[in-house]
Amino acid sequence: MFSESVIKELEEVRVKYPDSRSALLPALYIAQSEYGWLSPEAMQAVSSALNIPPAIVKGVSTFYAMFKHKPMGRHLIQLCTNISCMILGAETLLDLLKKRYGIEEGGTTSDERFSLIIMECIGGCDVAPVMLVDNDYYGNLNEEIIVEILEKYK
């Protein structure tokens, strides 16, 4: 199921930790990086690679918001809507994303370019409103800036 490079990465991660359970979070991250989400087959492969019961793998993967359990767009937009971001315009940005890109919270655009997740806090109150696109962090957003940023992600 995994490519040879992912299998090698999983083996390298496993030996860095005193026991296989300690390697579970990085292993899940590696698996998700391969496919963009954690399918049941990917979680089973992690379970087998680390010799951890599938229920533990699923429990850990569903506990953390960073793991996705359905296919996502090519780029993941995570928009903060916590108090600082909301006061400074996150609601307007969310409306823009819905209208301009036709994307709803938890959804994916029809061209599968973007998926949108609303985050409770990204930790950027000093530069609110903020968002992540994939692993790229953006702050001091407004409607014009967010459109410029998203045009870079094809």
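Begin by selecting leucine 25, which is partly exposed, with a relative accessible area of 31% (buried means under 20%, exposed over 50%, and partly exposed in between, with a 1.4 Å probe and protein chains only). The model is predicted, so that local features need pLDDT of at least 70 and side-chain atom pairs count only at pLDDT 80 or more, while totals for chains, interfaces and linings use all residues. Residues are numbered from 1 along each chain as its sequence is written, and side-chain values use heavy atoms, with hydrogens and water left out.

Leucine 25 belongs to helix H2, residues 24-35 (helices, H or I, are DSSP runs of at least four residues and strands, E, of at least two, numbered from the N terminus).

**Stop two: asparagine 51**

Asparagine 51 is exposed, at 62% relative accessibility, and has a positive phi of about 55° although it is not a glycine. Most residues other than glycine have a negative phi, and most peptide bonds are trans.

**Stop three: two neighbouring loops**

Select alanine 128 and proline 129, which are joined by a cis peptide bond with omega of about -5°; proline 129 lies in the loop between strand E2 (114-119) and strand E3 (131-133). Finish at aspartate 134, in the loop between E3 and strand E4 (136-138), where phi is near 55°, a positive value in a residue other than glycine. Aspartate 134 counts as partly exposed, at 27% relative accessibility.
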